[in-house]
Structures are given as C-alpha cells and as structure tokens.
Amino acid sequence: MENRHRHLFDGNTILNVYNNDVINLSVGAPGPDLLKNCGEMMLKATQHRLEEEKNEGKYYLFQYGTTPGLWECRDELKNFLSRRYGDQVDDENLILTCGATHGVQLILNSIISPNGIIFVEQVTYMIALDAFKQFPLMKIIMVPMKNNYVDFEKFDEIINNELKKNNNYLITNDKIFWAMFYTIPTFHNPTGMTIPPESCKKIVDIARKYSIVVVCDDVYNLLSYNDDLPPHRLFYYDDKNDVDYKGGNVISNGSFSKILSPAIRLGWLECPPRISSILKQSGIMKSGGAVNHYVSGVIASLLHLKLQDEYVDLLIKTYQERLKIVCDILDRYLPRCCSYKKPDGGYFVWIQLHQECDAGKFVKWCQENYKVTAIPGSRFSLIDESKNYLRLSIAFHKSEVLKNATKKLCQGLLIYIRQSLVKN
Ligand SMILES: Cc1ncc(COP(=O)(O)O)c(C=O)c1O
C-alpha cells in the first residue's frame, strides 16, 4: 500500500520537520504557528468572493478563465506589489501561474530553444537543479560566483565559448531565446544575499548583449527585514526607456508560497510584453483556461481586503525576530574558523565552515550526536562543490527551538572540527 505521507517532509524520521527528536533546520517553509492563520484568512476571502459571484449571478469563477489569469486578481496583485515593492507594476505584464516552480517550467517550455542553455549560479535553489534535469536536451552550465555574486568576466567568457560552438538552437517566433540565466537576485537561496544595484545593471547588460532571458525567482523579495522598502527586483533595471533596451530580457517569477502558504499554489510571472504575448498564446494555458482560476478569485479578495498585507507584516516581524535570534547565537557560538553574513531578508543563513570540513559528513554526525540537522552546501551545487557550507532556515521553527538548535549545532561543530582536525 502507498505510504500515506501528510506533507513533503514526511516519511523520514530525521528530515521530518514535525518530528522534534531531531530539529531539522533544513526546511524552507512556514511552520504550523504561522500556517494556522491561513484558515481564517481564506475563509474571509472565500466568503467575500462568493458573495460577489452571487451578486453578479454568472458564476464565472467556476468557469474556464482567461489565459493570463483572472483580471481582478492581476489588478489587485498589481496594486499590492506596487505598494510593497515601492515600484510600479503593470497588470498587463502579469501572468498567473501555479507558483514559481510552474513559472519556470512554463518559461522553459514556451520561450527557450528546446536544446538551449540554462545558466545557473555556483550555488542555487537545489530543487530547481532537479527540475532543469528534466529537460534533457538542454545543457545546464554553472556560472562561478565572486564575493557572493556572479563573476561577470567569467560569465562573458562562458557565453562566448558556447556561442562559438555550432549548436543549431531552435529559434522560432515563440522560442525567442537560445539561453536563460536562472538567478535568485534578492535574499538568495541558499546564500541569503542580495545582488547590489551595479551588478543588477551588469546582468541586464549581459542579457541584452547576448539575447539571453534572465529568470529571477523573486519569491523572497517581500520578506525584507530592514525598515525601508525591499531592494528593487532585477526586472526594474531592464528599463524600457534605456537606449539599448532590447524589448525586455528579464522575468520576475513570484509566488504566494513564501508570503501566504505553499499549498495555495498560486504565483505570477511579471514579463515584458514580447514575452507575455507569447505566454498568452500558449496552447496549454489556453486549453486549461487560467491556471488555478478559482484560487485566484479567492486571492483577489484576500488582496482587496488587505488581509495579505497584514499577513506579510506579521511574517516580516516574526522572521526578523527569528533571524536575529539565530544570528545572535551564531555571533556568540560559531567556531572562529567558520563565518557567515547576516542577510537582510528571506529564509536562509549560509555558513562557511572550516575549509577542510565536509558539511555532508558533519550533518550526519550532528544528527546522531546533537539531534540537529541542516542542508550541506553541495546540495546547492550543480557539480557537487561548496562542500564546506551549510544552509540554515529560519522559516519553520519558533524562536526558542531555533535558538536551542542553533546553539547545539555550533557546539557540535566545534567538537567535530576539533576531532577531524586532530585526525588529519
Ligand atoms: C528560490 C526558490 N524558487 C522557488 C521555490 C518554490 O516556489 P513555489 O512554491 O512557488 O513553486 C522555492 C522554495 O523553496 C525557492 O526557494
């Protein structure tokens, strides 16, 4: 009989984040103390939306939707994002998706040559790497990073090398790009870092120069823990008023997974018109009507009633506190041969261990001896590098659990490093 798992992290006693025998600091998803708020919010939004359906009497919400997604939802989303980003968002540029994962899949299926190239950062969202491998004709190429950002010289060199090869990319009216660069510019997964403005401009320059599309997973952008507005998304830097504007080379791939609930499966692609017009003609999107149409109606009400704003404020406050607690402990207890940089937002803290320390081996040891676990750096690397790094997530556990677990992890690390250095 099939195992009746209850959630994605079920089925493995160590990695099961709901099992407190081992504290799992791996999971990039909210815990029950936050998710408990979703029921009430969704109930209010559902009631509001169903009332509107009744008043109108057409029950369009239960009909096939329009290809880019319910316009009321895109309109409310435009207002919400413009307000929270502090930058204007145009609803014409928004295509609703079933979340960021679906957004990337849609892009790969629709606008990139089927034998094209996917450039990825030296470390990146590990499951995106798994997803890219499901496009076997595409080649995945790692771009080295320098001081936490893309090494632009190397990137230029790698692109030129690829272009010199006779790859016969299939470029059509729809598949307008031979390559995509997948990046997480703001509150990166796993590093937590944000690309500075001058680097954003450089990425846009490279994309324009070589006709590449830059796909930004912007799923953490609104979880910004400084008091001011979040950093501009990279999409902002691809300004249509620039003299060298090429029609738009950046897509912002957003999601409600990190700002509401992963189970909602609703997200959006913010694209320039030349890309959104292709997606609007996608046969798959047209045949299915809008994706997640009913949910978009409920979310339109959630946004309209400002419940989403209130919830983002609560998340920011909660995560800000959790991040501070984890970093305070790291400042105090992290062995001196290890280091980290406090991020300004998002879910993750990226710890560099002693050069000789293999985080994969340490994690196994720590699970057994200190009952704490996290993800070793190699999981985020296409070529199994970054072995001496560790990613902690602040999303799931409450402050007290995080505090104790981070302390234990640091204590374990000290012992482990001492032992392994003596052996060597
Ligand atoms: C960078 C990044 N992109 C995408 C996702 C998944 O997003 P979604 O649930 O919207 O598919 C995650 C979740 O961890 C992520 O960290």
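**Close-up views of a predicted model**

**View 1. Strand S7 and its parallel neighbours.** Strand S3 (residues 112-121) runs parallel to S7, and 5 bridges join the two. Helices (H or I, at least four residues) and strands (E, at least two) are DSSP runs numbered from the N terminus, and two strands pair if DSSP finds at least two bridges between them. This is a predicted model, so to speak of local features takes pLDDT of at least 70, side-chain atom pairs count only at pLDDT 80 or more, and totals for chains, interfaces and linings use all residues. Residues are numbered from 1 along each chain as its sequence is written. Look for isoleucine 117, which sits opposite alanine 179 in S7. S7 also pairs with strand S8 (residues 213-217), again in the parallel sense, over 4 bridges. Here phenylalanine 181 has valine 214 in S8 as its bridge partner. To get from S7 to S8 the chain passes through helix H6 (residues 197-210), a right-handed β-α-β crossover (with the strands pointing away from the viewer, the path from the first strand over the helix to the second runs clockwise).

**View 2. Around valine 214 in the core.** Met180 and Val214 have the most contacts inside the largest nonpolar core, which has 114 residues. Such a core is a set of buried Ala, Val, Leu, Ile, Met, Phe, Trp, Tyr and Cys residues joined through C-beta atoms within 7 Å. Both domain 1 (23-30 + 309-423) and domain 2 (54-308) give this core at least three residues. Leaving out residues up to four places away in sequence, valine 214 touches Phe181, Thr183, Ile203, Ala207, Leu234, Asn249 and Val250. As for S7 (residues 177-183), 7 of its 7 residues are buried (20 or more other C-beta atoms within 10 Å of the residue's own, with C-beta atoms placed from the backbone).

**View 3. Where the domains meet.** Domain bounds come from an automatic or database domain assignment, and the centres of domain 1 and domain 2, taken over C-alpha atoms, are 28 Å apart. Across the boundary, 28 residues of domain 1 are in contact with 29 of domain 2 (C-beta atoms, placed from the backbone, within 7 Å). On the domain 1 side, helix H10 (307-333) and strand S12 (348-352) each supply at least two residues, and H10 has the largest share, 9 residues.

**View 4. The antiparallel sheet.** Four strands form an open sheet in the order S11-S12-S15-S14, with antiparallel pairing. Strands S11 (339-340) and S14 (375-376) are at the edges with a single partner strand each, so one side of each lacks a neighbour in the sheet. S11 and S12 are joined by 2 bridges, and tyrosine 340 has isoleucine 351 in S12 as its bridge partner.

Definitions and conventions. Buried ≥ 20, exposed ≤ 12 C-beta atoms within 10 Å, placed from the backbone. Contact = placed C-beta atoms within 7 Å.
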